[in-house]
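Look at the structure, then try each question before reading on.

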Amino acid sequence: MDVIALDDPTDAQIREWHAVLAAVHAAGPAGEPAPEPEQTAERLLGGDPGSRQRLWAAPDAGADGGGLAGVAALRLPGEPGADRPAEIDIQVRPGYRRRGLGRRLLAAAAEGLRSDGRTSVIAQVHAGTPAVPFLESHGFECVLVLRGMLLRLDEVPRERVARLVAEGPAGYRLIRWKGVVPDEHATALAHAKHAMADLAEYEGAPWDAHRVRETAEVVAKRGDDLYTVAALDASGTVVAGFTEVVVPHDAAGRAAQYDTAVAPEHRGRRLGIWVKAAMLEWLAAERPEVREIETDNLGDNEHMLAVNEELGFRVERESLEYQAPVSVLP
């Protein structure tokens, strides 16, 4: 089964790509909605600002004719040779596994990585799926454990949210914005994002005002809405803590928690639960159609796990972040 590049996929190829994702999802663990065809099309055609994308597919040569047996997507943030890992996603139909197809897709993507001057690549997979032994057999190592959690907003009493907001710590004030961060807070927000040290360590890219703005622009280009609530210290110039939620334009009632962090010197004052409660209050007024919020937490981040559990989040799945140097790939 040959692997072909799909640098400019046709409508038919996009539909076939989505069929692969749907088949993989149907055979995988429950706990999250299946991707919508429109989401797949946007991902394949969108091309996030600040990154490039390479696509490969293995046509189904079976007697049933047509379709794709497996696909691979490679996201390349920054310019060629940038000191940031690429992101890879390989999906093979359940009926075509254990035939070497995943390895051939990985080899094609590895050539793309080398030609782009990359030195490392990351992948996120669900725990307990065939993707785990596949990655480990090809030199990937687990660098992060992420617990997928879900909050059903109709199960959260509004009076409890209002109480958490009212009990905010003295010496801080809340601010909020939709979309790109206001210029006067861009650098302070970037500094606060350094609080996510474990994630930054393997992402290999520092947070600065440019990257903060670029991230928000990527969300906007997809047609999604980024909401941010932040806590400023008494000086009004330091972002002591913040939380971000993205509401997809076709969310069907589910929003996604993005980053939440509290700077080390401001921890222990319940800033995390304060900004997250304020976010729930804002969304209830601004986006009442949102019924659920999903999030991923580092498995060893006991404090943020406790914050989310206090709000009412419940663990739905466990995901693993794997990383490999390009030099070990086939």
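Q: Which element gives the largest share of the lining of the second largest cavity?
A: In this predicted model, the second largest cavity is lined by Thr243, Val245, Gln257, Lys276, Met279, Leu280, Ile293, Leu311 and Phe313. The elements that give two or more residues to this lining are β9 (239-247) and α9 (271-286). With 3 residues, the largest share comes from α9.

Q: How many residues of the lining of the second largest cavity are nonpolar?
A: The space in this cavity is about 50 Å³. Its lining has 2 polar residues and 1 charged residue. The nonpolar residues number 6.

Q: How many cavities of 30 Å³ or more are there, and what is the volume of the largest cavity?
A: The cut-off for this count is 30 Å³. By this rule there are 2 cavities. The largest cavity has a volume of about 70 Å³.

Q: Which element gives the most to the lining of the largest cavity?
A: The largest cavity is lined by 13 residues. Val212, Thr215, Ala216, Leu226 and Glu244 lie nearest its centre. At least two lining residues come from each of α6 (183-193), α8 (209-221) and β8 (225-232). The element that gives the most, with 3 residues, is α8.

Q: How many residues in the lining of the largest cavity are charged?
A: Sort the lining residues by kind. There are 8 nonpolar residues and 3 polar ones. The charged residues number 2.

Q: Which element supplies the largest share of the lining of the second largest pocket?
A: About 250 Å³ of space lies in this pocket. Its lining has 14 residues, and Leu153, Val156, Arg158, Leu280 and Ala284 lie nearest the centre. Both α5 (158-166) and α9 supply at least two of the lining residues. The largest share, 4 residues, comes from α9.

Q: How many residues in the lining of the second largest pocket are charged?
A: The lining has 9 nonpolar residues. It has no polar residues. The charged residues number 5.

Q: Which residue in β9 stands opposite Val229?
A: Strands of a sheet pair through backbone hydrogen bonds, either parallel or antiparallel. β8 and β9 pair in the antiparallel sense, over 8 bridges. Opposite Val229 stands Thr243.

Q: How many bridges join β2 to β3?
A: Start with β1 and β2, which run antiparallel and are joined by 2 bridges. There, the bridge partner of Ile4 is Ala57 in β2. β2 and β3 also run antiparallel, and Arg52 stands opposite Leu76 in β3. The bridges that join β2 to β3 number 9.

Q: How far apart are the C-alpha centres of domain 1 and domain 2?
A: The protein is divided into two domains. Domain 1 covers 4-147 + 320-328, and domain 2 covers 157-311. Their C-alpha centres lie apart by 29 Å.

Conventions: Residues numbered from 1 in each chain as written. Predicted model: local features only at pLDDT ≥ 70, side-chain atom pairs only at ≥ 80, totals over all residues. Heavy atoms only, no water. Domains from an automatic or database assignment. 1 Å grid on protein atoms, 1.4 Å probe; cavity = no way out; pocket = protein on both sides within 12 Å on 5 of 7 lines; lining within 4 Å. Points joined across faces, edges and corners; volume = space filled by probe spheres on them. Nonpolar A, V, L, I, M, F, W, Y, C, P; charged D, E, K, R; others polar. Pairing = 2+ DSSP bridges.
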